[in-house]
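Please read these notes with the model open beside you, and look up each place as it comes up.

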Amino acid sequence: MTETIRLFAGDCTVEFEGERERTQRGYVVVVVKPDRTVLVHDADGYQPVAWLTRADELTTETEGDSFSIVARSGEQELRVVSEAPTGRREYPATGAGVPVGSCPDCGDALVRAGGEVTCLGCDAAYGLPAGATVLDEPCDDCGLPTMRVARGESFELCVDWQCDSLADAVADALDGRWDCPDCGEPLGVVSRGNRPFLGCEAYPDCETTFSIPAGEVVGKCPCGLPVFETATGRRCLDGTCDQYYESGVGTATGP
């Protein structure tokens, strides 16, 4: 469900109790956000003259054209009371993000905000794997955006894992490709949800597991496991591998 931003405007008395106690009056605009943040703006500058971020308690009362707003967080309290007829409106509000296409379900804009792709017009949301890059090309099957994600190799998949499974793609590419350093049995791709990792196929006798870094395989560690190129540099599949660190970063060769 789309949330709303509420706007209140008019001649108001603004009182703040807490670290910066003060009382003000003027023609102001009060913004009440869905996360219970209250911002009071006057005619000067971009900084609010009073605010309370993510209040623990928020109460708004209206009667005719008048209103009062009380926001509390710990020992701090922000109170805004209208002194004359005012204006009040509500507007739809969503998170803002980078446009990445159109929703095939409702036709509204899709945006990338943080770690997911969301639709501005409906409740559709698609979580992105770490390090994923959203591409310009839509999925041939469903019309959603596609993404590029690296887990040992680089894959181009639909952002909807039910349309294109990252776990299946990684399994096809990496299953059995390396051996367990503890017992010598193959490492197989296992997934929880759509999050693949490598686990020893001798489980439960051997419980060795490794998360798969967000990067491509560029070499081989002296321990026998692959070396990954990641956004923060090269590393062994085993992030605690002593042999890799003793051999010197960036000296691994040949896949």
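1. Strand β14, made of residues 145–151, runs antiparallel to β15 and is joined to it by six bridges; two strands are said to pair if DSSP finds at least two bridges between them. Helices and strands are DSSP runs numbered from the N terminus, a helix being H or I over at least four residues and a strand being E over at least two. One place to look is R148, whose bridge partner in β15 is E156. As background, the strands of a sheet pair through backbone hydrogen bonds, either parallel or antiparallel.

2. Before going further, please keep in mind that this is a predicted model, in which local features need pLDDT of at least 70 and side-chain atom pairs count only at pLDDT 80 or more, while totals for chains, interfaces and linings use all residues. Residues are numbered from 1 along each chain as its sequence is written, and side-chain values use heavy atoms, with hydrogens and water left out.

3. The pair in point 1 belongs to an open sheet of three strands, in the order β13-β14-β15 and with antiparallel pairing. Because β13 (133–138) and β15 (153–158) stand at the edges with a single partner strand each, one side of each is left without a neighbour in the sheet. From one strand to the next the twist averages 35 degrees. Helix α1, residues 166–174, lies across β14 and β15 and runs at about 150 degrees to β15; here axes are lines fitted to C-alpha atoms, for helices over the stretch in contact, and angles run from 0 to 180 degrees between N-to-C directions.

4. Not counting residues up to four places away in sequence, P145 touches V100, L110, V134, L135, E137, P138, C158 and V159, contact meaning heavy atoms within 4.5 Å.

5. Strand β20, residues 226–230, is joined to the antiparallel β21 by four bridges, and the bridge partner of T230 in β21 is G233.

6. How many aromatic pairs does a search of the whole structure find? It finds one, formed by F8 and F67, which is tilted, with 4.8 Å centre to centre and 45 degrees between the planes. Rings of Phe, Tyr and Trp (its six-membered ring) pair if their centres lie within 6.5 Å, and planes under 30 degrees apart count as stacked, over 60 as edge-to-face and the rest as tilted. F8 lies in strand β1 (residues 3–17) and F67 in strand β6 (residues 66–73), so the pair ties together parts that are 59 residues apart in sequence. F8 is buried, with a relative accessible area of 6%, and F67 is also buried, at 4%.

7. Some backbone values deserve a careful look, since most residues other than glycine have a negative phi, and most peptide bonds are trans. R36, in the loop between β2 (22–32) and β3 (38–41), has a positive phi near 70 degrees and is partly exposed, with a relative accessible area of 39%. R54, in the loop between β4 (50–52) and β5 (57–63), has a positive phi near 50 degrees and is exposed, at 54%. A cis peptide bond, with omega about 10 degrees, joins Y203 and P204, and P204 is placed in the loop between β17 (195–200) and β18 (209–211).

8. S73 lies in strand β6 and is buried, with a relative accessible area of 19%.

Technical notes
Buried < 20%, exposed > 50% of the residue type's maximum accessible area, 1.4 Å probe, protein only.
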